[in-house]
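Hi,

Here is the structure I promised to pass on. Have a look at it first, and my notes follow below.

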Amino acid sequence: MYSKEDFLPLQPMRCDESAELITRPGPWQRLKANKLAVLGMIIVCIMIVAAIIGPWLSPYTYAQQNLLEANQGPSASHWFGTDTLGRDLYTRVLYGARISLAVGFVAAAINLVIGVVYGGVAGYLGGRVDRLMMSIVDILYGIPLLLYVILLMVVLSPGLTSIFIALGIAYWLTMARIVRSQIIKLKEEEYVLAARSMGASPMTVLFRHILPNCMGPIIITMTLAIPEAIFTEAFLSFIGLGVNAPMASWGVLAAEGINSMRSYPYQLLFPALAIGITMLGFTFFGDGLRSALDPKEGGTK
Amino acid sequence: MGMYLVKRLTGAIVVMWAIITITFLLMHAIPGGPFTEEKKLPPQIKASIEATYHLDRPVWQQYTEYMGQIVKGDLGPSYKYIGRSVNDIVAESFPVSAQLGFGALVVALVGGVIAGVISALRPNSWIDYGVTFFSTLGISVPTFIIGAVLVYWLGFVWPIFPVALWKGPSYMVLPILTLAAQPMAFIARLTRTTMIEVLQQEYIKTARAKGLSQFQIVWHHALGNAILPVITYIGPLAAALFTGSFIVETIFAIPGLGKYFVTSIYNRDYTVILGVTMFYSALVVAFNLLVDIVYPLIDPRVTVGRRRD
Amino acid sequence: MSDIVRVKGLHVTFSTFNGPVQAVRDVSLRLAAGEILGIVGESGCGKSVTVQAMMGLWPTAITTVEAAEHTVLGHDCRSFTESDWRTLRGTDIAMVFQDPMTALNPIVTIGKQLEEVIRLRQKRRRSDQKGAMTEGIAEEVIHLLRQVGIPEPERRRNQYPHELSGGMRQRVVIAMALAGKPKIILADEPTTALDVTTEAQILLLLQKLVREEGMGMIIISHNLRVIARLCDRVAVMYAGTIIEEGSIETVLTSPAHPYLQGLLSSLPESATDGRLTAIEGQPPDSYHMPTGCAFHPRCHKAMRICARITPTNSNVSDEYSKRERVQHVREHQQTRECPHQVSCWLYRPEVK
């Protein structure tokens, strides 16, 4: 059963110890393993591509009316049918994607800039400045901001630029809070203290050591801010404060669709599907991102 | 507690002051003043109208007058419905909105928490997938589309419920469902996540090691901890329900405050827009205050005034 | 049949993101009434996993628990469902958890958390009560709190966990385990979170209560001093399996396994020439367990076979364990075998 050799001393070979390092899955692997997150990412990408190149592939324009072909159901010449003015719905939905996605990304970008600067300054300076800046944020938090977006839209008169401005300056509060709390947390981390004690300049500390480590929460907040902005724009369109005709966002198209829903339900169906699928995409992607970046929610314990 | 209340009330007053000031500034940022659209008005009449509404006075004087007026609870006259004040409009239509909002609040909270708890207790079961599917759908579709779909199926295809006006319980079903759908989906997701997290806590293991039944563990130990985030969500929820009601009341032709608000946006009836904004802001501030006061009663770790992050 | 707990060939496997992890491999343990068994080992060696598996606390969704034998108070637990376990937990087998900061529900008063167990016990034992139970629940809560040394129990019972210090909370956790008057207590590092003074108090308290009530206790620790002070028997775990087991005196005075020898000589007090020694290397990564004996990559006495085949148990020395047995019998007035066993190729008869 055993040979004599078995009981000779073992050669000291420890090579396998270093070779087989523990491979814990990084955020990117965790994200890739999450099928829904990948699906969400694909949906968002398809929507972006469709919004950019889609309208060129259509023989119609978003404003081209043809009253003879009004209210036609989906067909080979009009994939999504036509609206009450005979405009091609397929073209209009793709154009709507441009506007809705642009609103989402631009508003989120404005939020990002304001939020990161504001939260970064408050968190990095700390002390009295921080307290003052954050009590302003607290006050604004107590205000139902959507109402003020509506007021702003009334004041600014409807239009795409007004929407960018109104959404951009209203919803940076969450971003500011998150950036601030991250920075305050990271400021106390050992490696930041170490960098500082080795004489790194404040700028180096902020940009090399602190901000890159805030990226997770910032990205997560962005994936929430984009669909939020698209939603708000749809809401504004519904109460008549959207982009100007004949331009149309998904919200405008859906609002128009509701008016003719009883006779021509497809006129609501396609814009509604476009909003719903895009939102689903962002939700899946955001959820996946959150559990990938936050090991606490990682699922495997 | 007394000190805390004073502090919170002061905070609320500061918020209200900020709201009034922002509102005032926005009103004055309207290019040319609120009566510019009535182009054909002869100059004397325009001047007399502006005198009636004190628009001819210096801005700081208007501001102090406006403040004084608001403090007394007077939201001013309507510019479009001559002879009616914003207060009349609110008094007349808010009760309807309150019924709708309260109904939706209850449905959203009860439905959302129950759905979230059930799906957290059976993760990856068909019921969990069902809840996750519907709640993800719920937060992905705008309220007005949910409303339209409900109207289409339950109002026209199978005419079970009336789809317009506000005349009795059966009229309330579709609007309340529509308004509650999105917050309910959100609460279900929130409850599910926190409940799953809570169920992994050591004290749940302790409770199991004590030999408690599943019901006792969920009811006495898990639920209380799991709904804490839901309670902090009640403030934003109130705000969401108000704005949601603009849409729901418009779709279902309900004579509530939200419908007036949307109509006044179309009409550019500025005092009504401002008055309603102010009124709803005050309500949201009040809700937040209420939540902050109630929260420490449920979470003993929070000594009044310090909310746990 | 004086064993109140018997486990043979216990395997616990977790399914994780990176595939299955065998946290516990082929562990066999037994516990007699009135006995205190210690389990030592470094963090992550599977001590906690073992005892939690002993009372069925692992959720079946991500964990597989298998055993050739698993008896608690005569019940065969191998096919127990959650509700079967529930009938034993609290009143027959109870656990003292490791971290008093997280083991108590933060939003329920400690009095209420104790009451639950008392009520449960009263409900279950209603049949065999002989009218002697006249004590009200509130009085019993106060009595329990006093028993574990909490001052002002009348006031304390209405407090929430965050209002108590770590030591106090650990006492509450112990009171909670005692409240069901169980026959077996599993204590999972009950003093790790505490400072040294409190640690000593709590350990003495546990020992006293267990002796008084005639309970059996398994206590986990990574601290050899704690084990030496408290236990009758000790089992040493490394990388998910028990490598050495025996009476506390034997195991600590004449350790057999190279790992335990290394561990003992790394204690500051055993450093004879004033220099500390340490075991080289790291405990194995549970995703890549070494073949054969899990300790062989760090063992300076390793032979070729150690890397190939996992050693089975062998008695260290027959003579020695016979003497041991006599001694043990004399001490405890019990006829119990307490062989000193080790799983290491060095002690296999084939080697000699």
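How many residues does the contact take from chain B and from chain A? It takes 34 residues from chain B and 33 residues from chain A, where two residues are in contact if their C-beta atoms, placed from the backbone, lie within 7 Å. On the side of chain B that touches chain A, 27 residues are nonpolar, seven are polar and none is charged. (Nonpolar here is Ala, Val, Leu, Ile, Met, Phe, Trp, Tyr, Cys and Pro; charged is Asp, Glu, Lys and Arg; the others, Gly among them, are polar.)

Before you go further: this is a predicted model, in which local features need pLDDT of at least 70 and side-chain atom pairs count only at pLDDT 80 or more, while totals for chains, interfaces and linings use all residues. Residues are numbered from 1 along each chain as its sequence is written, and chains are lettered from A and ligands numbered from 1 in the order in which they are written.

Now chain C. The domain assignment (automatic or from a database) gives domain 1 (3–231) and domain 2 (260–351). Nine residues of domain 1 and six residues of domain 2 make up the contact in chain C. Strand S2 (residues 19–32) of chain C gives the most to the domain 1 side, with four residues; helices (H or I, at least four residues) and strands (E, at least two) are DSSP runs, numbered from the N terminus.

C:Ala175 touches C:Leu144 and C:Leu145, among others. Those two are also buried in helix H4 (residues 137–147) of chain C, along with C:Val141 and C:Ile142. They cover an arc of only 160° around the axis (taken from the directions from the helix axis to the C-beta atoms), which puts them on the same side of H4(C). The buried residues of H4(C) pack against helix H3 (110–124), helix H5 (153–156) and helix H6 (166–179) of chain C.

Cheers

Notes. Buried ≥ 20, exposed ≤ 12 C-beta atoms within 10 Å, placed from the backbone. Lists of a residue's contacts leave out its neighbours within four places in sequence.
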